[in-house]
Amino acid sequence: MQPFSTHTAVAAPLLKDDVNTDQIAPVLPSRGLKDDHKAMLFYRARRRDDGSENPDFVLNKPQFRNAGILVTGNNFGAGSSRETAVWSMTANNIRVIVAKSFADIYRENCLQNGVLPIVLASDDADAFIARVVQVNGAGPFTVDLVAQRISGPGGPDVAFAIPAADRTRLLEGLDDIGLTLKHMAEIKQWEQRAAAAQPWLQAAKDSR
Amino acid sequence: MPRTLFDKIWESHLVGRRADGRDLLYIDRHVLHELHAHHGFAQLEKQGRPIRRADLTFAVQDHTVATKAGRDDNTNPSGAAFLKAMRDGTRKAGIKLFDIDDPDQGISHVVAPELGIVLPGATHAVPDSHASTVGGVGALAFGVGTSEMTHILATQVMAMKRPKSMRARLEGKLGAHVSAKDVALRLIAELGVAGGRGYVVEYAGAAVRAMPIEQRMTLCNLNIEMGGRSGFVAPDDTTFAWLAGRPYLPQGELWDRALAHWRTLKSDDDATFDRDVALDCGTLEPQITWGTDPSQVVGISGRVPEPAALDASRRPAAEGAFAYMDLKPGTPLAGLPVNRVFIGSCTNSRLPDLEVAAAVVRGRKVADGVVAMVVPGSSTVKREAEAAGLDRVFRAAGFFWGESGCSMCAGGNGDRGLPGERCVSTTNRNFENRQGPKVRTHLASPATAAATAIAGRIADVRQLLAGAA
Ligand code: SF4
């Protein structure tokens with residue numbers, strides 16, 4: 001996984017709660033094994049009914065075309081577990097999402113892909129959203145995971161909290177499977193214990 | 001210390017703690033589907049990592065399969081590549097696949113319990129957010145993303161922080177034609193789409209105890225629609241009777257041992273939960289969604305809410321939903337003309353769901369101009385329904401009777417509505433564009449959906465049946 005330490009980019013405000021993964025990365029009729037994740041991001045919101053570009057959608061506005069930070073409301077990433085909803089972010093170089101809260105599975109998927117999910121308390125979030133709206137893409141923000149700070153135009157630095165373990169994982173770009181494989185002895189011991197105590201858990205055979 | 005059932009299952013599956021503070025939870029059963037599995041197979045191949053427990057891993061073709069009779073890989077052209085990649089990947093890995101023509105094929109969340117692949121007190125993972133459906137038989141199930149799926153394939157454990165626990169006590173006796181779907185929609189309406197975030201929910205109370213297993217699965221299926229991490233019902237005699245004899249379960253002496261253990265699976269009487277909520281279901285009428293998220297719900301005799309009556313935090317979403325759904329505040333739901341009715345999905349496609357719908361439809365006709373579909377959740381459900389003559393009831397009424405799969409739930413197989421259509425659907429998500437671009441989805445129970453197909457308008461099944469009597 002690509003490590004994350006700092007990220008400097010324009011921040012775009014997506015002023016909504018409960019943005020779901022069907023909205024972030026819709027299933028398109030023409031999909032295949034190798035989807036174009038870059039094009040997938042907010043595919044429907046980006047377009048008008050006739051297929052032309054929707055100039056009102058935030059990421060279509062000239063100042064936000066290259067936004068690399070998304071600032072949004074409550075429960076971001078609700079719904080389907082599809083990881084394309086994070087891959088479509090990374091494909092567009094959006095590597096930080098600042099929200100009031102995230103849906104559980106979406107947050108996990110962010111951590112798996114080197115995307116920093118920042119949760120700001122509601123008041124701080126409102127203030128930061130207002131600032132991002134005010135700045136309106138005029139200059140980039142820098143998100144520093146080492147210092148746990150966001151700096152940029154329009155105000156003082158904003159501190160954010162993140163569980164230490166998640167921070168380490170992002171900073172080091174740790175290989176998640178590799179981390180777990182270090183525990184193989186424990187996994188095998190668990191299996192031996194289970195096979196003795198609850199043998200039905202360790203076997204799944206068709207009895208027909 | 002008194003413990004909840006969630007505590008007990010979690011602790012008995014705890015393998016260790018990783019350096020980054022995450023718990024490693026052993027996954028007893030892992031079920032894959034064709035949309036995501038190929039990513040995992042390709043990743044592991046690239047990394048030179050083997051699949052650790054192919055014998056505890058199962059795979060189904062469900063999201064992209066066509067529903068037309070005589071279907072094959074190419075009936076839904078955009079599914080063919082996924083079906084083939086799944087076939088190749090599982091063959092190489094030695095994973096049992098329920099392929100498109102397998103007599104056990106179906107939606108993963110329907111097939112796994114039906115075959116006895118999931119067990120009470122077992123852990124279960126699926127790269128799909130509705131994994132907790134199998135909580136209906138007392139399993140602890142997690143929906144995961146593609147990376148976590150790959151991690152489980154390589155290790156057979158899941159790395160996560162321990163969620164908090166919630167108990168939802170659903171009390172009272174359900175009225176006639178009111179089902180688990182109505183209960184779940186009302187609960188989501190009360191708690192909101194993020195009300196369960198961070199929690200594993202134990203569904204308890206008299207209403208739950210009285211539910212047959214299929215309804216408990218409907219209830220647990222919808223747990224993710226309030227953001228819950230997992231949800232389950234503690235197993236009881238209803239569960240054991242339902243499970244007995246299913247092919248992948250332990251047999252003979254081992255069954256007796258398993259059963260003795262499963263009987264111990266309950267929360268201690270004085271166990272405390274991080275959150276406790278209660279709902280009286282005794283006065284509940286059939287429920288239906290009016291908006292574009294599953295918390296925007298009213299009773300069937302209700303009206304689209306006035307914004308002023310809503311919590312301020314819910315108003316912006318409601319305004320968007322009025323526009324998308326083409327509904328004005330104050331409009332009664334019952335009587336709205338519909339174009340389409342869909343009965344199916346991992347929420348409501350098991351045999352009793354189809355029986356309920358067939359009982360409403362029997363001897364009646366789908367209203368002119370309404371496209372109505374029934375898609376059984378598994379090939380087994382389909383066979384059983386046909387043996388009971390349900391397919392003939394539906395066809396005689398003018399329903400399409402399909403081969404099993406996810407179908408119009410998310411439209412991944414090409415079954416979709418047309419732009420602007422209003423659809424009553426027994427599925428789980430009324431998100432914008434979910435069932436086709438610009439399709440307006442109202443979520444409801446099989447009984448309500450069936451009554452609506454007959455009336456051609458959103459209908460109160462109780463009135464439809466009373467009118468006929
Ligand atoms: S039926 Fe719908 S919700 Fe269920 S697994 Fe299939 S697509 Fe997902």
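Two strands pair if DSSP finds at least two bridges between them; strands (E, at least two residues) and helices (H or I, at least four) are DSSP runs, numbered from the N terminus. The model is predicted: local features need pLDDT of at least 70 and side-chain atom pairs count only at pLDDT 80 or more, while totals for chains, interfaces and linings use all residues. Residues are numbered from 1 along each chain as its sequence is written, chains are lettered from A and ligands numbered from 1 in the order in which they are written, and side-chain values use heavy atoms, leaving out hydrogens and water.

In chain B, four strands form an open sheet with parallel pairing, in the order β11-β10-β9-β12. Strands β11 (230-232) and β12 (275-280) of chain B stand at the edges with a single partner each, so one side of each has no neighbour in the sheet. Three bridges join β10 (residues 199-204) of chain B to β11(B), and B:Val201 stands opposite B:Gly231 in β11(B).

## An enclosed helix

Helix α15 (residues 446-455) of chain B is largely enclosed by the rest of the structure, because nine of its ten residues are buried (under 20% relative accessible area, 1.4 Å probe, protein chains only). Among them are B:Pro446, B:Thr448 and B:Ile454. B:Gly456, with a positive phi near 75°, follows α15(B).

## Between chains A and B

Ten salt bridges are counted between chain A and chain B, a salt bridge being a side-chain nitrogen of Lys or Arg within 4 Å of a carboxyl oxygen of Asp or Glu. One of them links A:Glu108 with B:Arg22, whose closest N and O atoms are 2.7 Å apart. On the side of chain A that touches chain B, α8(A) gives the most, with eight residues.

Conventions. Buried < 20%, exposed > 50% of the residue type's maximum accessible area, 1.4 Å probe, protein only.
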